[in-house]
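Hi,

Here is the structure I promised to pass on. My notes on what turned up follow below it.

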Amino acid sequence: ARALTPQTAETDAIRFLVGTQSLRYDNQIHIIDFDDENNIINKNVLLHQVGEIWHISASPADKGVLATCYNKTSDSKVMTCAAVWRMPKELESGSHESPDDSSSNTQTLELLCHLDNTAHGNMACVMWEPMGDGKKIISLADNNILLWDLQESSAKAVLSSSAALEGKGQLKFTSGRWSPHHNCTQIATANDTTVRGWDTRSMRQIYCIENAHGQLVRDLDFNPNKQYYLASCGDDCKVKFWDTRNVTEPVKTLEEHSHWVWNVRYNHSHDQLILTGSSDSRVILSNMVSISSEPFGHMVDDDELSDQEDQHQEEKIKEPLQDSVIATYEEHEDSVYAVEWSSADPWLFASLSYDGRLVINRVPRALKYHILL
């Protein structure tokens, strides 16, 4: 398996969706519900019969809707296509009952619509408008950015605008991210070693970070609380943090992984917490305080302090906290292709390795209280 997403529209239950990548069997989407009171994982399986899943993303507005990019063979050519699906009604919100006999009641996804890419090439990923009503989607297909409008009940996707990368050679996007800032009018894309920013209204390029990484850029993520901050990671084993207003140099670089870094994710509530997953089989949780929205830690009101504390506090405030690696998780034995934070619990995250192992972990309690108190 390579594909993992939190169920973004679900903010009460801890829930992740995993897409399988099997050549031999029908592929599936596993709905993973984590019951954190009892530390139990429940799963439901949905058939995804059209092909192996390379990318999966859940609608931010509708719990039952998701999009996948998958491989399909036609005329002995393999194409990567994308489609929007609905899961069965009874599985839409987090249930804590595990089916008694999972083999007998595997259900199938309902196809809502295809994102037709016959003219544009292979789909790399699908991004939903982060704050939207679940009707706007961007897909990256080879060197094209395609903006889709999902029509009534998502039964049809209409291409509303597009842009193409031009240049020498065969340009292909590897990944992209829709910014939650600027009224959701910006996206960032990665192709080869370059990261670009685009305005979705004009479909024009607004910034370009050439040679952002020494090798292929694998993933991007926006800081949810600081509007110009963007993280990127790639095959040079590095994670870099950029201020998109000045792209000549990264603001910070992390060099903790020993192989390709496939995935980087900001925590949605506490943007100093950064997760990365790599084909060195490790997941690393870093504390990037110096470039977070609270670089001096949690500010304390002066009135609450006595004189002695006051002096101590002033000394503390002058000193930004240090960036550090908080924890390295080594539960995987294969390449970690995806890491994601839960959309319901800010202290919980999942990681997925190619051998199909999904691991759920928590931010260490000491750090959690350090951030909160």
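Strand 16 (residues 194-199) is a well-covered element, with 6 of its 6 residues buried; buried means under 20% relative accessible area, exposed over 50%, and partly exposed in between, with a 1.4 Å probe and protein chains only. Helices (H or I, at least four residues) and strands (E, at least two) are DSSP runs, numbered from the N terminus. The burial holds on both faces of strand 16: T194, R196 and W198 lie on one side, and V195, G197 and D199 on the other.

Before the rest, a word on the source. This is a predicted model, in which local features need pLDDT of at least 70 and side-chain atom pairs count only at pLDDT 80 or more, while totals for chains, interfaces and linings use all residues. Residues are numbered from 1 along each chain as its sequence is written, and side-chain values use heavy atoms, with hydrogens and water left out.

Strand 16 has a pairing with strand 15 (residues 186-191), antiparallel and over 6 bridges; two strands pair if DSSP finds at least two bridges between them. T194 in strand 16 is the bridge partner of N191. The two strands make a hairpin with 2 residues between them, and D192 in the turn has a positive phi of about 55 degrees.

Strand 16 also runs antiparallel to strand 17 (residues 204-209), joined by 5 bridges. Here D199 has R204 in strand 17 as its bridge partner. This hairpin has 4 residues between the strands, and M203 takes a positive phi near 55 degrees.

D199 comes up again in a salt bridge with R201, where the closest N and O atoms are 2.8 Å apart. A salt bridge is a side-chain nitrogen of Lys or Arg within 4 Å of a carboxyl oxygen of Asp or Glu. D199 is buried at a relative accessible area of 12%, whereas R201 is exposed at 65%.

The structure holds 15 salt bridges. Another of them joins D323 and K252 at 3.3 Å, N to O. That pair links distant parts of the chain, 71 residues apart: D323 is in the loop between helix 1 (307-318) and strand 25 (324-329), and K252 is in strand 21 (residues 252-254). Both count as partly exposed, D323 at 24% relative accessibility and K252 at 31%.

R357 and E333 also meet in a salt bridge, at 3.6 Å, N to O. R357 is partly exposed at 32% relative accessibility, and E333 is exposed at 64%. Finally, salt bridges that share partners join D62, R86, K89 and E92 into one network.

Best wishes
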